[in-house]
Amino acid sequence: MTGKKGNSLLETRRRNRVLIKNMIFRMENARRTAIAEELGLTLPTITTSVNEMLSEGILEEIPITDGKLVNNMGRRPNAIAFRAEAAYAIGVELGPYATRAVLMNLRGEVLEQSEYESPAENYAGMLEKITNIINEMVDKAKGRNLLGVGVGLPGFIDREKGVIRSNPRKDWMGKPFATDLEERIHLPILIDNNVRLRAVGHEMSMRGQKPDSFAYFFVSRGVACPLMLKDDVVSGYTAGAGEIGHTVISVGKELKCVDDLGSEGAIFRNCQEAMLGGRLPELRERVQKDRILRMDQILEVQELGNPEVNSIIEQAIGYLGIALANVVNLINPGYVVADSCLFQSEKNRKQLLESAKSNFFGLNEEEVQIEFAPFEKFRGAKGAAYFLIREKFLNI
């Protein structure tokens, strides 16, 4: 019986430490009393665990700035935070337009970031390129304490087994990607769907009050909307949760996928058709100069007031609003984060809100909060690094 009680006590202490680490990471100006209140644990329990981590050198005490003090009576309190240099994580996103990588410290600060061409269609070629990219980041880490590497990529990803279950690139399907990378890098490798990792990164970078659950509405070459529940992202039975782009909308007498109607891919296709028809001279000029069609060019032409480009984007966003309304009406998240290059434009943000809310049911129109994440190219790579920190540092 003594052994069981001892094991139970050790497990309780371990679980409390995990809770405390996660709370410190997410709190601004974390203090022992505030942590105890948030977690419902006793102050001695918090103090014991914090003192252990201070002695281990992974935490440090920092003064609370004047602007953050509730009052300045008595002794100035200290906050506690992770030492930025105590550990580092590498994050990589294999995105539709480029591969991006970051080196992040324990404060969520990016020390290095790099962008490369989009990954190869061939699995062996992709694996070799990603190995080189990660090794470059390892070299930039200069001997720092690396926790490992998080990698986000499209498709149905089994993060427990590290396997690519399904992917638009057929040659990648069924491959044990995490194991293959670990054999080359000799660091822990964690993988998951890239949009789910964006949602994880957003949750971990939020400070102060945050919702228990939220939907992450992401528009790029395709459309996805994973759901965060209680600090974790829903993967689903086949590791394919969040693929809103493959749901259908009735258009006339046809059923069409959201990806075919509202994604950046759909906008590209409609703009290319117009240019082939001899229209959109401003856009055609940009494409001829850069030798590639990009969303930033299309948005520039929209800002110039081109009516056809504006109509193409308006039509796409109208369908996106219907898709978003379907998500909200089905799962009622209460809070939605919208992330896309498209939403850099205030006009496009306003239209998405109008389209979605006109299709919301009941109280959703008044009570569901929609936040637009500032567009950032490295957000997916940062999400992968945050995920690695959570799994290989905070949750152990």
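**Note on buried rings and a covered strand**

1. Start with Phe25. Its relative accessibility is 4%, so Phe25 counts as buried. The model is a predicted one, and residue numbers run from 1 along each chain.

2. Aromatic pairs come next. The count reaches 7. Phe25 and Tyr386 make one of them: the ring centres lie 6.2 Å apart and the planes stand at 90°, so this pair is edge-to-face. Where do the two residues sit? Phe25 belongs to helix H1 (residues 2-26) and Tyr386 to helix H14 (residues 379-394), so the pair ties together parts 361 residues apart in sequence. Tyr386 has 7% relative accessibility, under the 20% cut-off, so Tyr386 is buried too.

3. Is Tyr97 paired with a ring in an edge-to-face or a stacked way? The rings of Tyr97 and Phe268 have centres 6.2 Å apart and planes at 80°, so the pair is edge-to-face. Tyr97 lies in the loop between strand S3 (88-94) and strand S4 (98-105), while Phe268 is in helix H8 (residues 264-276); the pair therefore ties together parts that are 171 residues apart in sequence.

4. Phe268, at 6% relative accessibility, counts as buried. Tyr97, at 34%, counts as partly exposed.

5. One aromatic cluster is formed by Phe25, Phe82, Tyr386 and Phe393.

6. Two charged side chains sit over rings. The charged end of Arg144 is over the ring of Tyr88, 5.1 Å from the ring centre. Lys175 lies over the face of Tyr123, and here the distance to the ring centre is 5.3 Å.

7. Now strand S16 (residues 335-340). How many of its residues are buried? The count is 6 of 6, and the strand is mostly covered. Both faces are covered. On one side Tyr335, Val337 and Asp339 are buried, and on the other Val336, Ala338 and Ser340 are buried.

8. Which strands pair with S16? Strand S10 (residues 213-219) pairs with S16 in the parallel sense, over 5 bridges. Strand S17 (residues 369-372) also pairs with S16 in the parallel sense, over 4 bridges.

9. Single residues mark these pairings. Phe217 stands opposite Ala338 of S16. Tyr335 has Gln369 in S17 as its bridge partner. Both Ala338 and Tyr335 are among the buried residues of S16.

Technical notes:
This is a predicted model: local features need pLDDT of at least 70, side-chain atom pairs count only at pLDDT 80 or more; totals for chains, interfaces and linings use all residues. Side-chain values use heavy atoms; hydrogens and water are left out. Buried means under 20% relative accessible area, exposed over 50%, partly exposed in between (1.4 Å probe, protein chains only). Helices (H or I, at least four residues) and strands (E, at least two) are DSSP runs, numbered from the N terminus. Two strands pair if DSSP finds at least two bridges between them. Rings of Phe, Tyr and Trp (its six-membered ring) pair if their centres lie within 6.5 Å; planes under 30 degrees apart count as stacked, over 60 as edge-to-face and the rest as tilted. A charge sits over a ring if NZ of Lys or CZ of Arg is within 6 Å of the ring centre and within 35 degrees of the ring normal.
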